[in-house]
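Welcome to this guided tour. Please open the structure in your viewer, and we will walk through it one selection at a time.

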Amino acid sequence: MAQGPAPISVVSAAGRRALPVTLVNGQEYVALDDVAAFLPLAVREDRQGGVVITLRGRSIVASRDRALVSVDGRVVALPGPLTRTGNRWLAPVDFVPRALGPLADQRVEYRRGSRLLVLGMVRVPRVTTRVESAGAGARVTVEIVPPAGVMTVSETDRVAIRIDADALDVAPVSGTAPAVALVRADQAVLTVTLAPAAGDAKVTATTQDTAARVVIDIAPPGQEPEVSTAAPAPAPAPPPPPLAVATPGVRTVVIDPGHGGADGGVKGAGGTLEKQVTLDVAKRLKSLLEARLGVHVVLTRDDDRAVTLDERTATANNAKGHVFVSLHMNGAPSPAQTGPAVFFMRLDREGEDTRREAGAQAQALPVLGGGTRVIETIRWDLAQARHIEESRRLAALLAGALEGREGSAPAPMQPAPLRVLAGLDMPAVLFEMGYLTNPAQEKAAANDDARAALVQAVYEAVNRFATEPAPPPPAPARPPAPARGRR
Amino acid sequence: MRRTALFGLAGFTALALLGWGVNVGLQYLGRTSSPEVPVAPAPAPAPTARITATLFYGAPDGMSLAPVRVDVPLAEGPVAQGRQILRALLQPPPAPYLAVIPPGTTLRALYLTTGGDAFVDLSAEVSAKHPGGTHAELLTVYAVVNAMTTNLQGVQRVQLLIDGREADSVAGHVDVRRPLERDPSLVRQEPAPAVK
């Protein structure tokens, strides 16, 4: 056993604190009594040499010789078994998000690359910095995902970017240039230090739906910096995403983790099962949507069990959902196929007839106290027919949110006759998050950051769907005006 | 006396002519109702007549369906021809195309209605051995739907049955409870190469 790894930074609403890390058999471990400082857990040994960890009234049972723990009755795999050193119980770092996370009443997310343990709904955007030489000068591009407000301060030898966040998830800087001496992050400030011989720096900040971007153009010595025309025009940075904003018209969101139980869905070559990815993303999405938008989120399944397609539809309709998102991982006959895809319902002739008839068959029925109430009737198995345009809008917003993400291919938007969507009486899409048949995407599907990015995209789409007004329906085509000719 | 002999000769001649006529008539009838007996060694069977059908396989990149012209045996009537087309479609595709229908899937039955609907009953392997995913399932379903609607005049919609029963979907995504129309959007738009 050796000491040595840098501590993990725990970021929560209470601030930032260090969590010491110990190496055990090459794996990073944390002491459970250190973890107890921010998660109210209790540790109790049993007579068989095992240990029971209790958090919020629910238990995790572990033994010293097995890299598996039972979390409230469900088995969770860990990189190594829990171990005891003196009076202290140590657990692999992954124990915190994987075993304690499901029992906690808040988000528990470990960002391995930046060694951040994120607790609760704090803002920790991913910050990616790219340095490129531009002639004798340089360009530094800083991208912040999800977008956050930025304030830049330029001095003679450096540019400081203060990001409106609780902490930064900083990716390693890519590229170098002689004009850039150092890029360093400290708390929520990223500082770009210029080389002594560098010229002036011009800073441009822009914000899009999916990312905020700061571009620093550094001129060669003695010259004015040239701002590339490719850089978007400066725009004021918006405030950070509000918590629990009102979402008119959308109060209940139904998230449908695809497959489950004996139906594992697509299986990747590395063994990743679609049903596991969809459930994990669904739970993350529920936390984010409830915390950020203040909406009620219903999951069609919250554990590994089989749910029929009709049961999923019924759950959503009974909950009177306003938005439905079905989560899936895709499969293709070739491992080369890659990228996300967003589907919405396509109607055949029968469905189109049903849609037309739904309006025509509306009946005005008398109600108690006088007056009437218009009742539209529609076939239960084609209830989606009257939401097609709104579903298309939701699909377009989700596809748009995905296209801006780094490394993601443009997300195709496709109508298709999909079983789970047909009977839904609300705007609905089916989101294929990536191809498990593609080795790179299977690997990415296991990555926390990649899953967080998918969650962020759905959140943005639902938020915009809820808050932006729907475009007016196209005006009916007017009959052509009678031709005017000389008589 | 002489007169009696003349009557007898005429009667005999008439009877002889009647007997000959009946004999010739029976020989003629016998020839048309009995199988021909070959008088010479049978020639080699003529090669089975074939037609060229457009089948749909996975394009080499897996993104779409590729239309491929394939020779299939000519059959009598649309149902028999439909069976030949489906049996050819269920065979492993020629290189470099990719299989979009799980191997081992067989055709159990084919029904055509006068309203232009085809009911294609596939064995359980189409579902049990399906790798899953919306994209892969769309390719599976529309390889069958497009093949039937493209090659059989009068077939406008196709409903898949699995192991003799109506099904919700093949692999949990595509709604196959109702007949489906052809979907050209899944087909790569390029000239179909011919495969013998």
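In what order do the four strands of the open sheet in chain A stand? The order is 17-18-21-20, and the pairing is antiparallel.

Before moving on, two notes for finding your way. This is a predicted model, in which local features need pLDDT of at least 70 and side-chain atom pairs count only at pLDDT 80 or more, while totals for chains, interfaces and linings use all residues. Residues are numbered from 1 along each chain as its sequence is written, and chains are lettered from A and ligands numbered from 1 in the order in which they are written.

**Stop 1: the sheet**

Helices (H or I, at least four residues) and strands (E, at least two) are DSSP runs, numbered from the N terminus. Two strands pair if DSSP finds at least two bridges between them. Select residues 150-154 and 180-186 of chain A: these are strand 17 and strand 20, which stand at the edges with a single partner strand each, so one side of each has no neighbour in the sheet. From one strand to the next, the twist averages 15 degrees.

One pair to click on is A:Val153 with its bridge partner in strand 18, A:Ala160.

**Stop 2**

Two packed helices are described by the angle between their axes and the distance between the axes. Here axes are lines fitted to C-alpha atoms, for helices over the stretch in contact, and angles run from 0 to 180 degrees between N-to-C directions.

Select helix 6 (388-403) and helix 9 (448-467) of chain A, whose axes come within 8 Å and cross at roughly 140 degrees. That makes helix 6 of chain A oblique to helix 9 of chain A (angles under 35 degrees count as roughly parallel, over 145 as roughly antiparallel, 65 to 115 as roughly perpendicular and the rest as oblique). Residues of this contact include A:Leu394 and A:Leu398 of helix 6 and A:Ala461 and A:Phe465 of helix 9; two residues are in contact if their C-beta atoms, placed from the backbone, lie within 7 Å.

Keep helix 9 of chain A and show helix 3 (274-293) of chain A: their axes come within 9 Å and cross at roughly 45 degrees. Helix 3 and helix 9 of chain A are therefore oblique to each other. Among the residues making this contact are A:Leu285 and A:Leu289 of helix 3 and A:Val458 and A:Val462 of helix 9.

**Stop 3: one leucine**

Is A:Leu436 buried or exposed? A:Leu436 is buried, with 30 other C-beta atoms within 10 Å (a residue is buried if 20 or more other C-beta atoms lie within 10 Å of its own, exposed if 12 or fewer, and partly exposed in between; C-beta atoms are placed from the backbone). You will find A:Leu436 in the loop between strand 31 and helix 8 (439-445) of chain A. A:Val266 is 170 residues from A:Leu436 in sequence, and 6.7 Å from A:Leu436 in space, C-alpha to C-alpha. Other residues that A:Leu436 touches include A:Met329 and A:Ala445.

**Stop 4: chain B**

Finally, colour chain B, which has four helices and eight strands. Along the sequence, chain B follows the pattern α-β-β-α-β-β-α-α-β-β-β-β. Of the 196 residues in chain B, 34% are buried.

Definitions and conventions. Lists of a residue's contacts leave out its neighbours within four places in sequence.
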